[in-house]
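Hi,

Here is the structure I promised to pass on. Have a look at it first, and my notes on what turned up follow below.

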Amino acid sequence: MDVEIEEISAHDDSVKVKDNKEAMTGDNPDTVVGSTSGSTDSGNNNSSNSDISYHEDQNDGDDGLDDCDDISNYDDDDEDYMYYDDEDDECDYLSMQAQLDNVDLPAGVEATVSWLNEPAPSSKVSSQASSSSHLAGAQTLNPTLPEHASSSFAQVPASSNSLVSGGSNSCGKEEVTEDELMKKYQSFKHFDVVEDFSDHHYSNLGVKGQQPPKAWSKKVQDEWKILENDLPDTIYVRVYEARMDLLRAVIIGPQGTPYHDGLFVFDVLFPQNYPDVPPMVYYYSGGLRLNPNLYDCGKVCLSLLNTWTGKGNERWMPNSSTMLQVLVSIQALILNSKPFFNEPGYEASYAGLEGQRRSNSYNEDAFVLSLKTMTYTLRRPPKHFEDLVIGHFRCHAVDILSACKAYIEGAPVGSVVKGIVQDLSATAEKSSSTFRESVSRMKNGLISLFTKNGAIDCDRFRA
């Protein structure tokens, strides 16, 4: 269904969103609602009690960690994140990439980070089950007693090790051809029902052996039907046959923003008292704070999730709010073109040229962190989305590298859409030299990674 999201604002401003779908609400199916500044504790376990803040001299927003220390659902102590610090940007990216070409790790990341280590071979679970046959029949939950929930992706083989043109690997397993890989990507469903939920962040939450109420099951099935029929082209969802309370979504970053062409992964839990309370949402940050509303501990700050203040239908409304609305609001309100102004009060405090300067600087930092997110997502794709990740970065590698080239040459972040600078006059406002140097260092490593993934025509972007 072709729809358009318009007039979206987190601070009473209009934010144009160029996706071809829109969120649905109970009263008006054409409206995305919610606001995105800071956070407040409103009974949702995603939340914390402290506002976030952006400091101009911090590249990855470490200030969000303290806000999440009290949140049992976010595993700050887990070693499944990929951390970066200021020293990473001082490294010679190309030299490091050359040293690690035979080790499947992103540049600058130590092998001691557990979920980046090469896993032992294991059988894969197909994500291509037919969803239509399960919508009416998946009535049983198999949750376990609450434990410390895992926040790492499944340790599936890295994509760079999977892309060969036919034949057999060293274990004697037949590997797919290039054409088969692209066919899987092109036929990848926006919505599907899958089986294995073992790596889901919320897999250990719930009450063991308890059957869900019929009203709850019907509501979740209604959510499935909405998602199956109305997901935008840039959002993908997998739900679980044996655990109706779990959901995983991958959102493509919108064009015209510092998040363009990126893939952002979220795990969702429908609580037992859903929809009286909103769903719980966890963001796979990789330890990176690339947005004021996406904490590096995984918290998502959005009024629709009751993790920030809001008025009327900006907050969760049990009789009308939907999971589709949550996903599209994340894409439109959080992953927007000027995330700096998601901070409470910043729009008023930093008006005019000073606000624009700070916003541009934040966009530059966000784009660098988005590139790093692309790196670890491609090396360790989330379970059931492997075909999407491989195909997406094959098809969009040139667009991403074209944007890097344009930004290095001075184009402001977000001005490049599908590899083309949209406003040539925008290049008059040059990006910062620090940003251009950071992107230059990362570019050649990205070229190597994209080429290993099967993308073509990437070497022409080498410096």
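K405 and E409 form a salt bridge, with 2.7 Å between the closest N and O atoms. The term covers a side-chain nitrogen of Lys or Arg within 4 Å of a carboxyl oxygen of Asp or Glu. K405 itself is partly exposed, at 40% relative accessibility; on this scale buried is under 20% relative accessible area, exposed is over 50% and partly exposed lies in between (1.4 Å probe, protein chains only).

Before the rest, the ground rules: this is a predicted model, where local features need pLDDT of at least 70 and side-chain atom pairs count only at pLDDT 80 or more, while totals for chains, interfaces and linings use all residues. Residues are numbered from 1 along each chain as its sequence is written, and side-chain values use heavy atoms, with hydrogens and water left out.

Back to the salt bridges: the count is 11. Another one joins R460 to D457, again with the closest N and O atoms 2.7 Å apart. R460 is exposed at 52% relative accessible area, and D457 is partly exposed at 46%. The K219 and E223 side chains also meet in a salt bridge, at 3.8 Å from N to O. These two residues sit 4 apart in helix 3, so about one helical turn separates K219 from E223. (Helices are DSSP runs of H or I with at least four residues, strands are runs of E with at least two, and both are numbered from the N terminus.) E223 is buried, with a relative accessible area of 1%. There is also a network of salt bridges linking D199, R248 and D267.

Strand 1 pairs with strand 2 in the parallel sense over 4 bridges, and V193 stands opposite V239 of strand 2. In a regular strand, side chains alternate between the two faces of the sheet. Strand 1 is covered on both faces: F191 and V193 are buried on one side, D192 and V194 on the other. Over at strand 4 (residues 263-269), the pairing with strand 5 is antiparallel, over 4 bridges. There V268 stands opposite V281 in strand 5.

Finally, L371, which belongs to helix 6 (residues 352-379). L371 is buried, with a relative accessible area of 0%. Leaving aside residues up to four places away in sequence, L371 touches I400, C404, M442 and L446. L371 and I400 are 29 residues apart in sequence, and their C-alpha atoms are 8.9 Å apart in space.

Cheers

Definitions and conventions
Pairing = 2+ DSSP bridges. Contact = heavy atoms within 4.5 Å.
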